[in-house]
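Please examine the structure shown below.

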Amino acid sequence: MGTSGEHGRAGAWRVTVRARGRKAGLPPGGSPSAGGRPLARRQDLRIHGTAGRISCVDDSGRTRWTALCSGIPNAAHVSGGRVLVTTDSLAYTPWGNLGPALLLDLADGSRITELRGARGAALGGGRFVLGLEGYEAFDTWAYDRDGTLYDSWRSYGHYVVGTGIRVVETDRNVPTSSRVVRLLPGGTVERGPALTDPQAPEPLVLEDGTILVLDAGVLRAVGRRLEETVLAELQPIEPQDAWRHHGALHRTGDGITVTVTEQHPDRPGEYAHRTWTLTLHRDG
């Protein structure tokens, strides 16, 4: 563990708090494809999704292909001539709003196979990881370009793919058993630092591979070897209160904006938004 406080270090990184803010507002939300933004991009191709439909559009605006689906696409991942699209269902199911995950051919949109999972990430060569949590599931599966399962792990969360696969786990349990981990071949999970928040938001990845994790109001840096340092204790949140708080990290040049949205404990319709603007410094 490194030092805590508003000025900390994580290997070559440190942050300083430049500004703070607080205001009342609406609850967190919003579609990942809001404003017509693509779900994924590869060179001159963009993958878009609307209810019941997935489309591939090039930079000239020409639609290369359209594929039908039974849900609402929420994310897409492109690798080696394949596209993995996760969806929300149009109707409530035994898995809540989980829709099918579709593996498509990037060339023409033809369906390779249908899978089940809520969150995915692209590996090289048309391979992907796909994960699911809930109803005793807490699993990640690795599929090749034909949709054939070739590895699996007992772990789930936000996937960070680089020289390997790291996961910021999100188990939704209080107390949580979530950690930052590394997935190794043969189903092996290398356990890294423990987390306090059972639903940590999507992390930021810096250019040297360091992961920035907002964990219950504390900004942590986790290196490639899973070493951890606390960069800033912004608003430490007790585990039993984590359900009322939703965090987010955004990178803007040499700065980071941290947002924590808090639901009032007695008035569920009231929310407060706290923001911190941090300057990110690289030493050496």
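Predicted model: local features only at pLDDT ≥ 70, side-chain atom pairs only at ≥ 80, totals over all residues.

Cysteine 69 is buried, its relative accessible area being 11%. Cysteine 56 is buried as well, with a relative accessible area of 0%. How far is the sulfur of cysteine 56 from the closest cysteine sulfur? That closest sulfur belongs to cysteine 69 and lies 15 Å away, which is too far for a bond. Since a disulfide requires two cysteine sulfur atoms within 2.5 Å, the count of disulfides comes to zero.

Strand S3 (residues 40–42) runs antiparallel to S4 and is joined to it by three bridges. Within this pairing, alanine 40 stands opposite isoleucine 47 of S4. Two residues lie between the strands of the S3 and S4 hairpin, where glutamine 43 takes a positive phi near 55°.

S4 is also joined to strand S5 (residues 53–58), again in an antiparallel arrangement, through six bridges. Here glycine 49 has isoleucine 54 in S5 as its bridge partner. The hairpin of S4 and S5 likewise has two residues between its strands, and glycine 52 takes a positive phi near 80° in it.

The side chain of glutamate 228 makes a polar contact of 2.7 Å with the side chain of arginine 220.

Methods: Residues numbered from 1 in each chain as written. Heavy atoms only, no water. Buried < 20%, exposed > 50% of the residue type's maximum accessible area, 1.4 Å probe, protein only. Polar contact = N/O pair within 3.5 Å; in protein donor to acceptor, adjacent residues only side chain to side chain. Pairing = 2+ DSSP bridges. Helix = DSSP H or I, 4+ residues; strand = E, 2+ residues; numbered from the N terminus.
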